[in-house]
Amino acid sequence: MEKAEKVKDKEKEQLCKRCKQSFTSSSNTSSACRFHPSFFVCRRHDDQKRYYELGPDDPLYAAKFYDCCGAEHPEAPGCTTSFHISYDD
Ligand SMILES: [Zn+2]
Ligand SMILES: [Zn+2]
């Protein structure tokens with residue numbers, strides 16, 4: 001840790017534990033952090049109704065998705081927003 005005594009706590013840049021982006025307290029709003037509350041998994045959708053299930057010709061990777069929202073790309077923007085979480089909390 002570098003010394004940051006001269007910097008007001010509010011302006012201090014912090015790193016979000018969740019999305020790994022830096023933020024300051026003043027920029028930390030309830031929609032500042034975009035993330036998936038669940039993991040990127042590789043399997044069929046639980047109920048096999050909500051999105052799709054693999055057809056006989058579908059490649060296996062088509063079964064990868066975020067467990068929370070069903071987004072099928074690892075870089076898909078988060079489906080949930082909240083405050084950033086600092087390592088100090
Ligand atoms: Zn999601
Ligand atoms: Zn964040």
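## Contacts and burial

Two residues are in contact if their C-beta atoms, placed from the backbone, lie within 7 Å. In this predicted model, 51% of the contacts between residues at least 6 apart in sequence join residues at least 24 apart.

A residue counts as buried if 20 or more other C-beta atoms lie within 10 Å of its own, as exposed if 12 or fewer do, and as partly exposed in between, with C-beta atoms placed from the backbone. Of the 89 residues of the protein, 4% are buried.

## Secondary structure and confidence

The protein has 0 helices and 6 strands, in the sequence order β-β-β-β-β-β. Helices (H or I, at least four residues) and strands (E, at least two) are DSSP runs numbered from the N terminus.

The mean pLDDT, the predictor's confidence in each residue from 0 to 100, is 79 for the protein, and 66% of its residues reach 70 or more. Among the elements, β4 has the lowest mean pLDDT (79), whereas strand β6 (residues 80-82) has the highest (97). Where pLDDT is low, the predicted coordinates should not be read in detail.

## Histidine 36

Histidine 36 lies in the loop between β3 (33-35) and β4 (40-42). Because 19 other C-beta atoms are within 10 Å, histidine 36 is partly exposed.

Beyond its neighbours within four places in sequence, histidine 36 contacts Tyr66, Cys68, Cys69, Gly78, Cys79 and Thr80. The C-alpha atoms of histidine 36 and cysteine 79 are separated by 5.7 Å, although these residues are 43 apart along the chain.

## Conventions

Residues are numbered from 1 along each chain as its sequence is written, while chains are lettered from A and ligands numbered from 1 in the order in which they are written. As the model is predicted, local features need pLDDT of at least 70 and side-chain atom pairs count only at pLDDT 80 or more, whereas totals for chains, interfaces and linings use all residues.
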